[in-house]
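Colleague: Hi, could you walk me through this model? I'd like to ask a few quick things as we go.

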Amino acid sequence: MRKYLDYSWIGIKEHTAYAGAVRANFVSKIVYLYMQFAMWTALFASNAGKDVPMSRDGTLRYVIVATILSAFVECDVIGRINQQIRTGDIANRLIRPMDFRAMVFFRQLGTSAAGLVLYALPLTILIALLYREPLVCSEQLPYGILSVLLAYLIQFLYSLIIGLMAFWLIVTWPLNMLLAAIYKLLSGAWIPAAMFPDLLAKINLFLPFRAIYAIPVSIITTPMSQDSIRSELGVQLLWAVILFGIAELTWHAGRKKLIVQGG
Amino acid sequence: MSINADNLTKIYRLKKKQAKTAVDHVSFTIPDGEITGFIGPNGAGKSTTIKMMTGILIPDSGSVSIDGLSFKKNRKQIMMKTGVVFGQKSVLCWDIPVLDTLKLFRDMYRVPEAVYKENMELFSEILGLDEFIGQPPRLLSLGQRMKADLAAALLYNPDILFLDEPTIGIDVLSKERIRNFIERINRERHTTIILTTHDVSDIEKLCKRMIIIDKGSIIYDGTLGELKENYGTTDLEEIIKQIYLAGEQEAAESRADQLCRGA
């Protein structure tokens, strides 16, 4: 077990190695949150809430919670795996008596722990001071936390799969650029998924993205029936299982494909 | 532990149905406790062979067995007993102190506290590890980094040590210390060592036996003494130059031959 914790510890240390980067990161999150806040307030003020399926307060709650979550759910697993495959550094990981995927996961867990303490927590305190409305449905919070954990797993598995595509493509950033846009939109990280037009919402039902932000954030911020909470958690569980299967397949097929780059 | 390579073949598939046979039916045995030099010109297939011997690459045909163990069945068992240093690829985490990486290895390879302490003392005494153990690799010189990499690979007392160009870019004095260290490890711990290098003096100092590989095939497998006797000189650099040159000429002739036949 200690080797896994070591990896998490390394993840924390690496993320905090440059104090300037941490500060800049934090400031960027505040600016982003302010932008979201200003944009939605202005939109609701000009439109008076006509034809919008969500209230102003509901929307603000959503974007605030989504932004806080993103401070530790988002990860750079895709980029990291990619670089290791492209430079051949992966060779040094494959000679260890430890699973490569476990190494990546626990290192990421460390980075997320750093994100939680350095960004998510201070942001929450800041918001608690400035935004006096109630943010979460407290009776649904335990389900919300469970949902966030599932979302974290889904996010990781999705990133692992795209990152491992480098076994075939060597460079996956163009694919990643395309997917990043789709991901940001469909996951509900920018705009609450409930506001999507019908067609998009239907397409989204068959994709894993909404399981990352839309589901957990809705459970945390919007009053829901027990039945719909359960079915949403079921959807997340299903996606976690499906993505786990795909990640396994990608890993085993990719290992055979591997060419260690650069001498 | 002894290593047995049997008919190893690796073919790299390039674009448009082109293929390059990097290693072509290579067989050899490396007995327990021996230091074997593994040399060949750039692009000869050395690194590919090493990567198959360390289980990083899966051979297209043939097999590697280590004390009768195979990567297919006993992967983890082999990994626990194998140390690898790639001169051009560091295992150290770039932004965090060397000590943290060493602690990770201690836990990953389940090194008992007494062995860990003893080794750390040895590394400090011979490699001067204590002088830079608290610094991250980004602040180290190449020589220091290589010493730290060696320490990481030997921390868990592996039975087999692969050294892929461990003295590349290192100054003469540091080189001398690294060589002495390798020699001592081999003498005291009876570690089987496979060394690839372009530095002839590494071989003179360390190896009794040499395997020369060119264009994916073994062209010499025997002792250093025999080789010198065959060529009637003690100048190893000259001998190796002659061997490489003969290989180049042969390749040029066979190309010319093919061209003639084609015309």
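**A chat about the model**

Modeller: Happy to. A:D6 is buried, with 22 other C-beta atoms within 10 Å; a residue is buried if 20 or more other C-beta atoms lie within 10 Å of its own, exposed if 12 or fewer, and partly exposed in between, with C-beta atoms placed from the backbone. Before we go on, this is a predicted model, where local features need pLDDT of at least 70, side-chain atom pairs count only at pLDDT 80 or more, and totals for chains, interfaces and linings use all residues. Residues are numbered from 1 along each chain as its sequence is written, while chains are lettered from A and ligands numbered from 1 in the order in which they are written.

Colleague: Thanks! Which helix does A:D6 lie in?

Modeller: A:D6 lies in helix α1 of chain A, residues 2-15. Helices (H or I, at least four residues) and strands (E, at least two) are DSSP runs, numbered from the N terminus.

Colleague: And what does A:D6 touch?

Modeller: Leaving out residues up to four places away in sequence, A:D6 touches B:K103, B:L104 and B:D107. Two residues are in contact if their C-beta atoms, placed from the backbone, lie within 7 Å.

Colleague: How many residues of chain B are in contact with chain A?

Modeller: There are 26 from chain B, in contact with 22 residues of chain A. On the chain B side, α3(B) gives the most, with five residues. By class, that side has 14 nonpolar, five polar and seven charged residues. Here Ala, Val, Leu, Ile, Met, Phe, Trp, Tyr, Cys and Pro count as nonpolar, Asp, Glu, Lys and Arg as charged, and the others, Gly among them, as polar.

Colleague: New topic: at what angle do α3 and α11 of chain A pack?

Modeller: Helix α3(A) (residues 56-73) and helix α11(A) (residues 214-221) pack at about 125°, with their axes 9 Å apart. Axes are lines fitted to C-alpha atoms, for helices over the stretch in contact, and angles run from 0 to 180 degrees between N-to-C directions. The two helices are therefore oblique to each other: under 35 degrees counts as roughly parallel, over 145 as roughly antiparallel, 65 to 115 as roughly perpendicular and the rest as oblique.

Colleague: Which residues make the contact?

Modeller: From α3(A) they are A:G58, A:R61, A:Y62, A:V65, A:A66 and A:L69, and from α11(A) they are A:P216, A:V217, A:I220 and A:T221. They divide into seven nonpolar, two polar and one charged.

Colleague: Last one: what does B:A152 touch?

Modeller: B:A152 touches B:V91, B:L92, B:T101, B:L102 and B:F105, not counting residues up to four places away in sequence.
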